[in-house]
Amino acid sequence: MTKSIEIPDCYYPKEPSLVCPSSSTPRHTLYLSNLDDQKFLRFSIKYLYAYKKAVGWEALRTSLSKVLVDYYPLAGRVRTSAEDGEKLEVDCNGEGALLAEGYVDLTVEKFLEGSRRPNRSWRKLLYKVEAQSFVAVPPLIVQMTHLSCGGMILCTAINHCLCDGIGTAQFLHAWALITSKPNANLPTNPFHGRHILKPRDPPQIAFSHPEFSRPLPQVGPDSDYITQILLSQPLVPVSLTFTTSHILHLKQQCVPSLKCTSFEVLASHVWRAWIKSLDPPASLHIKLLFSMNMRQRLKPELPSGYYGNGFVLACAETSAEELIASNPHYSVKLVQEAKERLNDDYVRSMIDLLDARKVKPELSSSLVISPWTKLGLEDLDFGEGRPLHMGPLASEIYCLFLPVIGDLQAFTVLMSIPQAVADRFQHYCTKDLDDEEENGIKEDGGRGYA
């Protein structure tokens with residue numbers, strides 16, 4: 001089992017500074033769609049990259065200033081609307097992104113030894129802004145940390161209300177390109193407008209939207225069974241890597257009667273393992289929520305370069321008894337049906353619902369999966385080579401599907417699990433596969449908080 005690495009304190013030779021766009025940018029208020037302005041998205045997506053060789057500080061700063069000309073809302077400030085005190089918008093005022101430079105007595109090799117399990121000490125690698133609310137924090141915060149071996153760790157925090165995973169990847173690749181090739185043209189120009197996702201007047205809510213609603217029959221002491229477990233004991237990060245052969249093994253349990261994607265089969269497999277490890281009452285109504293990119297499913301499609309939130313949560317639901325007792329074919333089919341429901345009519349209905357009722361996803365008995373694969377996040381090259389590590393700054397209660405550097409078809413599953421069931425979760429994730437030593441599955445449960 002890989003040990004967790006405690007990050008030493010960072011030394012900051014100077015105060016962090018604001019990096020403004022290098023030339024004039026439009027000054028206006030950017031409307032945020034109802035997909036952007038969901039309360040459960042009011043946090044920052046935090047990435048951590050480790051590189052063998054550091055990029056020059058001034059080159060990084062200069063290129064950030066340049067790329068912010070195109071991505072100027074990230075240099076603005078989020079605020080509440082004067083017309084609606086709950087709705088957020090972006091004041092595109094060019095105030096700047098926050099950039100910090102730090103030093104830490106750590107080598108990249110030492111970091112990689114414990115990189116499979118984030119812990120609380122990793123948060124030292126991203127400058128903490130003291131603010132009274134999420135709204136007061138700059139939409140983009142970056143810290144470049146010099147390592148004692150000549151490498152670097154680059155951490156970014158990007159406001160989720162401005163970007164989804166695809167949008168953050170688009171921005172980061174643009175920044176990396178301008179760093180390595182200062183005169184290059186961006187491969188994709190960002191599209192800023194969000195009005196294409198405005199709600200209809202009058203609203204037309206044509207679906208029940210189970211991703212937001214609590215099942216009506218679910219009442220009594222067992223209805224919050226999973227929530228009580230998650231809140232009653234410490235959570236520990238669990239990291240499991242599924243190679244191409246593991247994914248193929250899972251798919252073979254469904255063929256020939258059912259063809260499925262790698263995501264569909266792994267999502268259903270992890271969901272089943274999660275429920276088995278938590279052992280809820282058989283009658284408990286449970287859900288799997290997972291993000292789906294809707295850019296090409298909408299009519300018309302979202303414009304090329306759209307970097308706002310273009311995803312919605314798909315919802316598969318059943319009872320704990322049905323999920324556990326049935327074969328894998330059943331849960332994979334639930335995931336597929338959840339995806340198939342998502343079309344233009346469904347998303348427009350969801351946007352109207354968010355405007356009318358200010359609902360939030362129903363999480364009391366839900367596993368949430370956010371896939372970070374297929375975005376090219378692991379290929380981010382600022383001019384000194386691709387990263388040796390890419391992942392989140394912290395492990396959360398929701399589940400991440402992370403890319404595996406060097407294996408495009410593999411997945412690393414990372415999530416935080418109640419300490420008492422962490423070993424059971426790992427067991428159920430791996431028991432249907434071959435022996436761990438033979439198939440090479442990598443696991444790390446650990447006991448560190450993240």
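Where does valine 129 lie? Valine 129 sits in the loop between helix 2 (108-113) and strand 7 (140-147), where helices (H or I, at least four residues) and strands (E, at least two) are DSSP runs numbered from the N terminus. The structure is a predicted model, in which local features need pLDDT of at least 70 and side-chain atom pairs count only at pLDDT 80 or more, while totals for chains, interfaces and linings use all residues. Residues are numbered from 1 along each chain as its sequence is written, and side-chain values use heavy atoms, with hydrogens and water left out.

Valine 129 is partly exposed, because its relative accessible area is 23%; the cut-offs are under 20% for buried, over 50% for exposed and in between for partly exposed (1.4 Å probe, protein chains only). Leaving aside neighbours within four places in sequence, valine 129 is in contact with Leu98, Pro138 and Ile141, contact being heavy atoms within 4.5 Å. As for leucine 98, 31 residues separate it from valine 129 along the chain, and their C-alpha atoms are 9.2 Å apart.

Zooming out, the protein splits into domain 1 (17-195) and domain 2 (210-431), with bounds that come from an automatic or database domain assignment. Taken over C-alpha atoms, the domain centres are separated by 25 Å. Domain 1 puts 60 residues into the contact and domain 2 puts in 49 residues.

On a 1 Å grid over the protein atoms alone, a cavity is a set of points where a 1.4 Å probe fits but cannot get out, and a pocket is an open set with protein on both sides within 12 Å along at least five of seven lines; lining residues have an atom within 4 Å of a point. Grid points are joined across faces, edges and corners, and a volume is the space filled by probe spheres set on the points. By this rule there are three cavities of 30 Å³ or more, and the largest cavity has a volume of about 150 Å³. Its lining includes Asn34, Asp37, Arg42, Glu86 and Lys358. By type, the lining of the largest cavity has seven charged, two polar and two nonpolar residues (Ala, Val, Leu, Ile, Met, Phe, Trp, Tyr, Cys and Pro count as nonpolar, Asp, Glu, Lys and Arg as charged, and the others, Gly among them, as polar). Each of domain 1 and domain 2 supplies at least three residues to the lining of the largest cavity.

The second largest pocket holds about 460 Å³ of space. Among its 22 lining residues, Arg116, Thr241, His389, Val404 and Thr412 are the closest to the centre. Strand 9 (235-242), strand 13, strand 14 and strand 15 (407-418) each give two or more residues to this lining. Twelve of the residues lining the second largest pocket are nonpolar, seven polar and three charged.

Glutamate 396 belongs to the loop between strand 13 (389-392) and strand 14 (399-404). Glutamate 396 has a relative accessible area of 35% and is therefore partly exposed. Apart from neighbours within four places in sequence, glutamate 396 is in contact with Met415 and Ser416.

Serine 319, in strand 11 (residues 311-319), is buried because its relative accessible area is 18%. Not counting residues up to four places away in sequence, serine 319 touches Ala282, Ser283, Leu284, His285 and Ile286. The side chain of serine 319 also reaches the backbone nitrogen of glutamate 322 at 3.1 Å.

Terms used:
Polar contact = N/O pair within 3.5 Å; in protein donor to acceptor, adjacent residues only side chain to side chain.
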